[in-house]
Amino acid sequence: MSRLDIVAFDADDTLWHNLIHFEAAEKAFGQMFSGFVPAEEATKAIMETEKRNIALYGFGVKSFTLSMIETAITLTDGKVEAPVIGRLIAMGRDMLDHEIELLPHVEDTLKALHKDFKLLLITKGDLLHQERKVLASGLAHYFEGVEVVSDKKPATYEKICARYGGHAASTLMAGNSLKSDVMPMIHAGGFGVYVPFSIAWDFEHEHVPEGTPRYFEVEDLRGVVDVARRLSTTA
Ligand SMILES: [Mg+2]
């Protein structure tokens with residue numbers, strides 16, 4: 001069997017916080033429009049618009065901002081005023097500008113792996129925003145490559161592995177989403193390790209079929225080091 005060459009990581013909510021910013025904005029949005037509908041209803045409405053628009057706009061803060069504006073227009077029956085739209089745009093800008101908060105054990109994990117494996121970062125979202133987050137994280141030097149993709153399908157992973165001189169069969173992908181990070185890599189013939197994040201985004205939720213080969217689950221990022229070492233020594 002193949003040795004392990006590449007260890008790839010998801011970024012948002014695997015290496016650093018992301019969801020907390022969306023959740024805070026969704027809540028704030030609810031409050032802003034609580035004069036029209038109950039706050040929880042407005043929050044639910046923005047989340048639904050966001051999901052509906054993903055196919056057209058993709059993931060990320062800019063899409064989310066457009067979805068907030070769209071939802072504001074709907075909830076107010078077209079009566080939303082320009083200063084309110086301005087506040088929504090400002091909320092989006094703040095989200096693009098927030099500090100990077102690394103999740104526990106990130107640096108130790110990358111440090112332990114980067115000498116023995118080619119490390120890649122594979123993330124969805126706004127190209128510019130994700131590139132800025134990687135730079136601001138101070139972790140860029142651990143990665144051989146950073147790939148910002150519009151979607152994470154088995155073919156996406158196959159192509160990226162090939163671009164870095166590898167194969168899915170000798171690649172381990174670590175991430176907090178079974179649907180985007182773990183399962184497509186396994187379907188591409190690689191290995192996937194699920195690193196759960198405390199708040200699960202329901203859009204990303206997917207059941208792991210029992211007895212899935214090449215699937216691993218760890219408590220936190222430190223476990224990825226053990227999985228990678230175990231795979232690389234299994235002949
Ligand atoms: Mg993620």
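Author: Begin with two terms. A residue is buried if 20 or more other C-beta atoms lie within 10 Å of its own, exposed if 12 or fewer, and partly exposed in between, with C-beta atoms placed from the backbone. Two residues are in contact if their C-beta atoms, placed from the backbone, lie within 7 Å. This is a predicted model: local features need pLDDT of at least 70, side-chain atom pairs count only at pLDDT 80 or more, and totals for chains, interfaces and linings use all residues. Numbering runs from 1 along each chain as its sequence is written.

Reader: Which elements do the buried residues of α2 pack against?

Author: Helices (H or I, at least four residues) and strands (E, at least two) are DSSP runs, numbered from the N terminus. In α2 the buried residues are A42, T43, A45, I46, M47, T49 and E50. They pack against α1 (19-32) and α3 (61-75).

Reader: Where does α2 bend?

Author: A bend at a residue is the angle between axes fitted to the seven residues ending there and the seven starting there. For α2 it is about 25°, at K51. After α2 comes G58, with a positive phi near 80°.

Reader: How many residues of α8 are buried?

Author: In helix α8 (residues 178-187), 8 of the 10 residues are buried, among them L178, V182 and I186. The buried residues of α8 pack against β2 (118-124), α7 (154-163), β4 (171-175), β5 (191-194) and β6 (215-217).

Reader: Which residues touch the most other members of the largest nonpolar core?

Author: A nonpolar core is a set of buried Ala, Val, Leu, Ile, Met, Phe, Trp, Tyr and Cys residues joined through C-beta atoms within 7 Å. The largest has 40 residues, and V7, L172, V193 and A228 touch the most other members. A second, separate core has 14 residues, including F29 and A45.

Reader: How is the chain divided into domains?

Author: Domain bounds come from an automatic or database domain assignment. Here they give domain 1 (6-16 + 100-233) and domain 2 (19-96). Their C-alpha centres lie 29 Å apart, and 9 residues of domain 1 are in contact with 8 residues of domain 2.
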